[in-house]
Amino acid sequence: MLSWTDQSLKVIPYKLIEGMIVAAYAIGANFGYIYCRAEYPLAISRLTHCIHECEKYGLLGDNILNSKFNFRLKIKKGAGAFVCGEETALIASIEGKRGMPKPRPPFPAVSGLWGKPTVINNVETLSNITSIISKGAEWFASVGTEKSKGTKVFALSGKIVNTGLVEIPMGITLEEVVFNIGGGIPFNKKFKAVQIGGPSGGCLPMSVIKTQVDYESLKDVGAMMGSGGFVVMDEDTCMVDIARFFLNFIQSESCGKCVPCREGTKRMLEIIERVPVAYKEGIDKYDQLQRFKGIIGLKRLADVIRDTSLCGLGQSAPNPVLSGLQYFKDEYEEHLFDRRCRSGVCKELLTFTIDTTLCSGCGLCKRKCGTEAIIGQKGEAHYVLQDKCIKCGMCLETCRFCAINVN
Amino acid sequence: MANQTIAQYPKGDRSVLIPLLQDIQDAFGYLPEDVLTEAAAHIGMPLSSIYGVATFYNQFRLTPLGKNIIRVCRGTACHVKNSANILFGLESALNLKPGQTSRDKNFTLEVVSCIGACSIAPVICINDDYYGRITVKEIDKILKKYQPTPAKATSVKSPEVTK
C-alpha cells in the first residue's frame, strides 16, 4: 500500500505497478492498494487504464506468468484529508473509518490493514524498486551521497521561472536547484526563502542555500525532504504570513485525536495572528504585553507539540514557525516592534491612499471596493475612507493608473 | 437511482463506506439524508458513524450544491502567488463566503487545499475547467462564461417582426 504525493505517477504508472508486484512477491502479499487523492482525476484514470492493461496481459491477477503467485491491485480514492498521508490514518481510511492515526507499536508491519501485517510505502520508494532490481544496487547507490542514495523528485513552484517536476540526484545544493534548474527568480526580484517538504517542512533562507539536498543535511538546517514540495519565495513574501498560513492549514487538517496537535496548533495560530496587527489606541498596553508573552512562549509550545503529538502531522507542525523564528527573526521583530511588514503582505499593517494627481476618476476601484470605502465623483480624484477600509488590496489590483499608494 | 448506487456494494461490508459515499455524492451532488439512512441499513452501520465519516473528510457535503462549483486552490504554491486575493475577489464578485451557494443556485464557492496544478499557480477550477496563472482582473471575464443566459429580450418584440 502507499500514499501518494507523487505526481510523476501521472507519467509512469507502470514503474509503480511493477515495483508493487515485485514487493508483493517478496513479502508474499496477494492484495495491494494504491491510495490516491480524489483531486487528481487524471492520475486515477491513467492508473486504472494501466492496471487493466496489466490484467489483460496476465501481469496482475491469478497465477502471474505461471509462477503460482496471485496479486491484485485496487485503487482507493482519498476523500480529502491531509492526515491520511500518515500510515496508520491511511489504513483507517481504507478500512472505511475516520482517518485518525493510531499509536505505534504495533507497527503496520505487525498489525496493519484489517489487523494483518502490512507493508506501506511511498510511491517514489516502490517506483525505485524496478530500476534497482534490473540495474543492480551498485548502480543505484552510485548516485547520491553517502547516506542518501539515488534521486529525488521535487515539485518546483512559487516564485521561480521554471515550474514543474524535476528529478535531481541527491547531494546537489539548493542553489543549483533554485538558480540553475529552476532558472532563478522572475522579474529580477530577490530570493528570500525556499520552503521544502510540504506544509510541515521548514523555510530556508539565502544563508543556507549552499546546503546539500539530502535527508540528513536538510534535517540539520531545520527542513525536511517530506513530500518533495519545493516552493520558492521572493522578497514579496512575508514570513509571518507564511507561518500563519501553514498553522491555519495544519489547524484545519488536524484530525483532533490528540491534544497537543488539536489545541497546541490552535494556540500557536492565535499567537502568530496577534503579531501583524495595527496599532490601536486605548487597549494597547495589555495587547503589547500579550504579544511579547506569546512570542516568548512560542518556542516552548512548539517543542511540546513536537515531542508529544501522536503522529507525524503534529510532530512536524511547528517546523515552519520554528525555522521562521530561527532564520527570519528580524522580520518577526519588525512586525512586533515597528508594526511594519516589509513585503507589504500583512494587510492590517498597511494604509491605502490614492494619489490624486494620478487618479483619473474612472471609478473602477470604487465599484470593486467591498466595503464602499472609496468615494469620489466620476472624472475626479477619489479618496479612501480609512475607517471603512479593510485593507483587502482590491483597489491596488484593479487600478490601471498605478494611483494607489501603499505604505 | 439511490437503490442502484447502493445495491452495487455487498451487504454488510463496512469497508466499502468511503467509495459508497463517493458514488452517492457523484450521483446526487451531495449526501442526502434519506439515501444515507438507506445506505446505513444496507451496510449494517449506524447512521451516526456514517455521519462521523462524512464530516471528517473534506470531500463530502451534506447540503446540495449550485450548478457551477468554483474551487479555489489555497495550497502553498498558490498562496505564495497571492491566491488569497483571488479568493477575496471571488468572494466579493459573487457575494459568497467559501462553502456557500448563491441564492439562484448557480455558483458554489469552495476552498481546496491543493488541486495538484502547482506549476500554474494560482489556480481556480470551475466544474472541470482549470484556470491557471489568473489575476484578480480576469475574474469577471471568467465568471461571465458561467452566468445563466438571460431570457431573450427579443421575444417581446418578435410579434412585430412577424407582422
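A:Ala193 stands opposite A:Met233 of strand S7 in chain A. The model in which this pair is seen is a predicted one. The pairing that surrounds these residues joins strand S5 (residues 191-196) and strand S7 (residues 229-234) of chain A, which run antiparallel and share five bridges.

Strands S5 and S7 belong to an open sheet of five strands in chain A, ordered S4-S3-S7-S5-S6, with mixed pairing. At its edges are strand S4 (164-169) and strand S6 (202-205) of chain A, each of which pairs on one side only. From one strand to the next, the twist averages 30 degrees. Strands of a sheet pair through backbone hydrogen bonds, in either a parallel or an antiparallel sense.

Next comes a pair of helices. In chain A, helix H8 (residues 239-253) and helix H9 (residues 259-274) have axes that come within 9 Å and cross at roughly 155 degrees. Angles over 145 degrees count as roughly antiparallel, and H8(A) and H9(A) are therefore roughly antiparallel to each other. The crossing of H8(A) with H9(A) is left-handed. Among the residues that meet are A:Val240, A:Ala243 and A:Leu247 in H8(A), and A:Met268, A:Leu269 and A:Ile272 in H9(A). The residues of this contact comprise seven nonpolar, three polar and three charged.

Definitions and conventions: Residues are numbered from 1 along each chain as its sequence is written. Chains are lettered from A and ligands numbered from 1 in the order in which they are written. This is a predicted model: local features need pLDDT of at least 70, side-chain atom pairs count only at pLDDT 80 or more; totals for chains, interfaces and linings use all residues. Two strands pair if DSSP finds at least two bridges between them. Helices (H or I, at least four residues) and strands (E, at least two) are DSSP runs, numbered from the N terminus. Axes are lines fitted to C-alpha atoms, for helices over the stretch in contact, and angles run from 0 to 180 degrees between N-to-C directions. Angles under 35 degrees count as roughly parallel, over 145 as roughly antiparallel, 65 to 115 as roughly perpendicular and the rest as oblique. A crossing is left-handed if the near helix is turned anticlockwise from the far one by less than a right angle, and right-handed if clockwise. Two residues are in contact if their C-beta atoms, placed from the backbone, lie within 7 Å. Ala, Val, Leu, Ile, Met, Phe, Trp, Tyr, Cys and Pro count as nonpolar, Asp, Glu, Lys and Arg as charged, and the others, Gly among them, as polar.
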